[in-house]
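Me: I have a new structure to look at and would like to learn how to read it. Could you walk me through a few features?

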Amino acid sequence: MQDVRDMPITALRGVGPAKQAAYARLGIYTVGDLLYHFPRAYENRGNVKRLCECDGQSKASVILTVATQPRRAMIRKGMTLVKFRAFDDSSDCEIVYINQDYVQSMFPVGSQFRFYGKAEFDGKRYHMTSPVAEPVTEGKPLPPLHPVYPLTEGLSSKQIGQHMETALSLAARGLEDPIPESVRTREGLCTLMFALRAMHTPTDLAGVEIAKRRLMFEELFLFGVGLRSAKHTKELISAPVCAQNDLSAFFSLLPYELTEAQKRTVQQIREDMAKPYAMTRMVVGDVGCGKTVCAAAAAVIAVQSGRQAAIMVPTEILARQHYADLAPYFEKLGMRCALLIGAMTPAQKKKVHAALAEHDAGKRVQVVIGTQALLSEGVEFAAPGLVITDEQHRFGVAQRARLSDKNAHAHLLCMSATPIPRSLALVMYGDLAVSRIDTMPPGRQRVDTFAVNQSYRERLDAFIRKNVDEGGQVYVVCPAVEEQESDEDLLLEEIGIGREKKPPLQAAVQYAEQLAQRLQGYRVAFVHGKLKPKEKDEVMNRFAAGEIDILVSTTVIEVGVNVPRATLMIVENAERFGLSQLHQLRGRVGRGQRKSYCVLVAGGMSESEIGEIAKRRLNTMKTTYDGFAIAEQDLAQRGPGDFFAKNAGGAIRQSGGVEFRLASQCGDGDLLTCAFAAADEAIAENLMQEHPALGDAVRRMFASADQHDIMN
Ligand code: ADP
Ligand code: MG
């Protein structure tokens, strides 16, 4: 029998070509896809109120008896209303449906319904517009939780719910659990069928949580099995052998000796590039650990072997900085270098294009440093050898696809300043080889870190002044320009999932204005994510040039711009940032000779207003300065979801191309470890053979990843 999961979605009653197309837009092609299409939230319809308790602000359920015959009225052309009255023991309510004539016959006088929506009081009676109505039948209680699905045009939540019912009943008759029972028992996981029912037809949130845990585990477990069973290692891609790798001349130009970690990294690169197939290596290390010099060494190797190297960075300012830093070394080695950025004139760009495509090896440009401009039409390499991306998680999916298209047969080296835990490296970078630079160059000063609350405001202002007066510059980071609560938050709140109450946000725009007011005479500027890249770059340039004293920003400054005069980093609402993110931000200062500081400002006014967890996290920042150690703590405290989310569309072939549905929200640090350990055991015990459903599920997961790759 065909596996239910592989049945086309059209096998379900009520799904014809139109619905099929709508489902395709959601990435749903099979019954299995539908079963794994999970609600994004749940409406709490079980919390039934009396009309007089409704505030008109939030949605609520009321149970009302229909009092009058529904009447249809034409308001104007193309707009009709169906209206009637209904009541409970506290008040009465006028209910209106717009352009839904068919409801007229649904509400006989005297019948009872549970209406879910906003009930507003106009001084005389309540009003509800197009509420969700479910008939109340004795002996058949209505489900308290209503799943809310990500929707698309042509599919209502109700229709998805109906199709889901059918899919669930099909599944009940023959859906094998991909997680072998032995694993399930050991890990205390519910069955697949229980999980699917609990997600799609929930009776309580506890069940949803149990289901989620199991489904997240399933994703991570299948992924682990897939990676480790080694059937999915990508084919090797041929690439030019770059075996000329005498770096002594290059190293003798450097004013320092490489650290052990750097040497190890360079050695790995050397070995990779000497092979006839493409290197795909990721160099990971804290900000300031010295990744650039490793990249430069790789470029030297490519050029020595007669090939060209391209170094791509996300912003023009970074491109300029790298060019200024590296070109002198390359030139001393007799290598020809060029810069290629969007800001150059068409004539300048054309010149670089020509020099890159030059057939005469004695004249062509050998190393080019640039932005996405490197991906534009007209950029052709006469002898491509190596592509390096710096801070590469900043590049979008499309850009990354272009990059690998354009350089199908080049060695690939990526740099990332996001130290990630060892256990995550495999998940996030798939089959990329990883070099970890886990020690800092000697003599680095430590950025002293303090955690304070709002009551320190005045002292903080004084500290800012002091830093600037002594010739330093200051970064102030706020979480977001204006953060709106998402629908999801609201829905979750209705259900009452115990979230920590969020302290008020410092809206960055306002904050910058107030700060400028308080610090008259100091030059304050502001960058945020909503500015155009050009505007952002301009402000960053002015800051780097010392024309701005205090730069207020949202997290856009995470990008590796080097401003040696910056001595103070202030992070507002610091409790809202992940540890790794805070660590990255802290890495922006302490890059010059001057003593530097990082102040983490928590949202509340007093100790008691910051939650225990937040306090512990801020304390970690005061005592830990190693990015990898911090990342491990982040993983333990916040789970892997944070890393997946931040790097989504991030690393090349992130997760080996697999997209997680639920694991990207996983807040449980142990789950990944457990799932991967279980995957190891499953392979050791040969469970794939014994339990074919496991092998099938793994293949399905990776097959869809491959399809996905093609579509991108
Ligand atoms: P990142 O890893 O953040 O890209 P960089 O490569 O920009 O860091 O290096 C930061 C600074 O450290 C640079 O000024 C660089 O010259 C310096 N540096 C790199 N390696 C060493 C080393 N082994 N010893 C001393 N300084 C070094
Ligand atoms: Mg860097």
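Me: How many residues does helix α22 have, and what span is expected at 1.5 Å a residue?

Reply: Helices here are DSSP runs of H or I with at least four residues, numbered from the N terminus. The expected span is 1.5 Å times one less than the number of residues. In this predicted model, α22 (residues 669–684) has 16 residues and reaches 24 Å from its first C-alpha to its last, close to the expected 22 Å. Residues are numbered from 1 along each chain as its sequence is written, local features need pLDDT of at least 70, side-chain atom pairs count only at pLDDT 80 or more, and totals for chains, interfaces and linings use all residues. Side-chain values use heavy atoms, leaving out hydrogens and water.

Me: What lies at the start of α22, and what follows it?

Reply: At the start, a side-chain oxygen of Asp668 comes to within 2.9 Å of the backbone nitrogen of Asp670. After the helix comes Asn686, with a positive phi near 60°.

Me: Which residues of α22 are buried?

Reply: Buried means under 20% relative accessible area (1.4 Å probe, protein chains only). In α22 the buried residues include Leu671, Leu672 and Phe676. Across the chain, 52% of the 712 residues count as buried.

Me: Which residues touch the most other members of the largest nonpolar core?

Reply: Nonpolar side chains tend to be buried together in soluble globular proteins. A nonpolar core joins buried Ala, Val, Leu, Ile, Met, Phe, Trp, Tyr and Cys residues through side-chain atoms within 4.5 Å. In the largest, of 69 residues, they are Leu34, Leu35, Phe217 and Phe221. Helix α6 (residues 205–228) gives the most to this core, with 10 residues.

Terms used. Chains lettered and ligands numbered in written order. Helix = DSSP H or I, 4+ residues; strand = E, 2+ residues; numbered from the N terminus. Buried < 20%, exposed > 50% of the residue type's maximum accessible area, 1.4 Å probe, protein only. Polar contact = N/O pair within 3.5 Å; in protein donor to acceptor, adjacent residues only side chain to side chain.
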